[in-house]
Amino acid sequence: MKGVILKCLKDLVVEKFGKNTWQQIFDKSGFNIATIIASGNDYEDEVVVNVIVKTCEVLNISLFQAADAFGDYWMNTFAPNVYGAHLMGAKTAREFLLKLNGIHDRITKSVTNAHPPRFELEWLDNNTLIFRYISKRGLVDFVVGLLKGVGRKFNEQLGVEKLNETDIKVIFNK
Ligand code: HEM
């Protein structure tokens, strides 16, 4: 997985809990601390997941809480700074979600070894969407957190409910 995910997690932890806490997480995860997190670098998925697990242990939070915090920070702080232009194209959460496959494709097009997720959108009615997450990585709880972050980014009350390991129900104008 691209280092940009670790970079975002690091920024979040350092901003909210300080550098020492991030250092503790690194020490516990066995990740080589000499390794500089470079956004374009590739890290094994297991390494990234392990750092997330250790973050939960050190902060004494559940994976769901970590996923929500990550999703919020990614959508409202990190991505606007790093990828502002990609967010500016959308004015509503609905518009943004319709563009999300394209955004992932565009951002990872020139990056070797990137495997961005895919999303299938199935509308149950005008305001109810089944947002299907297609990826081998099994990070559906992060998708839930990211969708909540999308709601906050566009100042909308989104209903976000995980149905199973691939499907999330999203209700607009809740
Ligand atoms: C402007 C907003 C966004 C940008 C720029 C962005 C960009 C990226 C990038 C660069 C990666 C790494 C790909 C790789 O390592 O192969 C990634 C992974 C991922 N993104 Fe996004 N993303 C955005 C929003 C979202 C949102 C809103 C969701 C979910 C609703 C999402 C879900 C994911 C997931 C789950 C992964 C991990 C890879 C996987 O599960 O297969 N992203 N994204």
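Author: The largest cavity holds about 40 Å³ of space. A cavity here is a set of points, on a 1 Å grid over the protein atoms alone, where a 1.4 Å probe fits but cannot get out; grid points are joined across faces, edges and corners, and a volume is the space filled by probe spheres set on the points. The model is predicted, with local features needing pLDDT of at least 70 and side-chain atom pairs counting only at pLDDT 80 or more, while totals for chains, interfaces and linings use all residues. Residues are numbered from 1 along each chain as its sequence is written, and side-chain values use heavy atoms, with hydrogens and water left out.

The count is 1 cavity of 30 Å³ or more. Lining residues, those with an atom within 4 Å of a point, are Ile5, Leu6, Leu9, Val48, Ile52, Phe70 and Phe142 for the largest cavity. Two or more of these come from each of α1 (3-17) and α3 (45-59), helices being DSSP runs of H or I with at least four residues and strands runs of E with at least two, numbered from the N terminus. The most, 3 residues, come from α1. By class, this lining has 7 nonpolar, no polar and no charged residues, where Ala, Val, Leu, Ile, Met, Phe, Trp, Tyr, Cys and Pro count as nonpolar, Asp, Glu, Lys and Arg as charged, and the others, Gly among them, as polar.

The largest pocket, by contrast an open set with protein on both sides within 12 Å along at least five of seven lines, has about 870 Å³ of space. Val4, Ile5, Trp74, His104 and Pro117 are the closest to its centre among 39 lining residues. Its lining takes its largest share, 8 residues, from α4.
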